[in-house]
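Trainee: Hi! Could you walk me through this one?
Mentor: Happy to, here it comes.

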Amino acid sequence: MLNIVIFGPPGAGKGTQSGLLIKNHQLVHCSTGDMLRAAMASGSELGLQVKDIIAAGKLVSDEIVIALIAERIENHPHANGFIFDGFPRTVAQAEALDGLLNSKNTSISCMLSLSVPETELISRLLERGKQSGRSDDNEETISARISEYKNKTLPVADFYQAQGKLVEIEGIGSIEEIADRISGALKDHL
Ligand code: AMP
C-alpha cells in the first residue's frame, strides 16, 4: 500500500496536491478538515460541537479526529492506499495513526512536507477566503491557525523524521511544478 501524509501549514497547498496524488495513485482521501466541514454542513451533533472551535482557528480534540480517520480506514478495506491531508496535526494523532495502520498490517510510506513562507500562506488564504465561504479564511483566524500549527503540529514532522519518512518539498511555484517535485521525490523515496 502507498500511505502518504501530506503535511504543511494552512495554505501550503495540501488539498490541491492531494487531489493530483489521488488521481495518479488511486488513493483514498482522508482530510479531517473536509470531514469536519461536511459534519457542519449537515448540521449533525458533531458539526455543532466543532463549529466554534474551527471558526476560532483552534484544533478540535484528538479524540474526534482520530475517530473520523479510524472510520474512514475501516470503510475502505481494499484501498490501494490512503492520503492523510490535515491529519495528523498533533504527535498523539500521529501515534494513533501508526496504531490504526499497524492493526491493518500496513504503515505510513512517507510524509511529504510542503514548505511555504508565511507571507505567501497569508496571502493565499486571504485570496481563497474571497471564494471559499470558509468561516476560518479571515485574517484573525488565519493567524490563530498558523500559531496552532507552530505550537502543536510542527513536532509531527520530527515524529516522522525520526522514522526516516520525512520528505521536504518546496511548496512555491506553479501547481504543476510542485506536483513534479512530489512525483520526483516519491520515485526517489519509495
Ligand atoms: P483544514 O481544512 O485541514 O485546514 O482544517 C480546518 C480546521 O479543522 C482546522 O483549523 C481545525 O480547526 C480543524 N481540524 C482539521 N483537521 C484537524 C486535526 N487533524 N486535528 C485537529 N483539528 C483539525
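Trainee: How many aromatic pairs does the count come to?
Mentor: The count comes to three aromatic pairs, where rings of Phe, Tyr and Trp (its six-membered ring) pair if their centres lie within 6.5 Å, with planes under 30 degrees apart stacked, over 60 edge-to-face and the rest tilted. This is a predicted model, so local features need pLDDT of at least 70, side-chain atom pairs count only at 80 or more, and totals for chains, interfaces and linings use all residues. Residues are numbered from 1 along each chain as its sequence is written, and side-chain values use heavy atoms, leaving out hydrogens and water.
Trainee: What is the geometry of the pair of Phe-7 and Tyr-149?
Mentor: Phe-7 and Tyr-149 are tilted, at 5.8 Å centre to centre and 45 degrees between the planes. Phe-7 lies in strand β1 (residues 4–7) and Tyr-149 in helix α7 (residues 139–161), so the pair ties together parts 142 residues apart in sequence. Helices (H or I, at least four residues) and strands (E, at least two) are DSSP runs, numbered from the N terminus.
Trainee: New topic: which helix gives the most to the shell around the ligand?
Mentor: Helix α2 (residues 32–42), with four residues.
Trainee: And which atoms of Thr-32 and Val-60 lie by a nitrogen atom of the ligand?
Mentor: For Thr-32, a side-chain N or O atom is 2.8 Å from a ligand nitrogen. For Val-60, a backbone N or O atom lies 3.1 Å from a nitrogen atom of the ligand.
Trainee: What about Arg-134?
Mentor: An N or O atom in the Arg-134 side chain is 3.4 Å from a ligand oxygen.

Conventions
A polar contact is a pair of N or O atoms within 3.5 Å; within protein, one must be able to donate a hydrogen and the other to accept it, and residues adjacent in sequence count only if both atoms are side-chain atoms.
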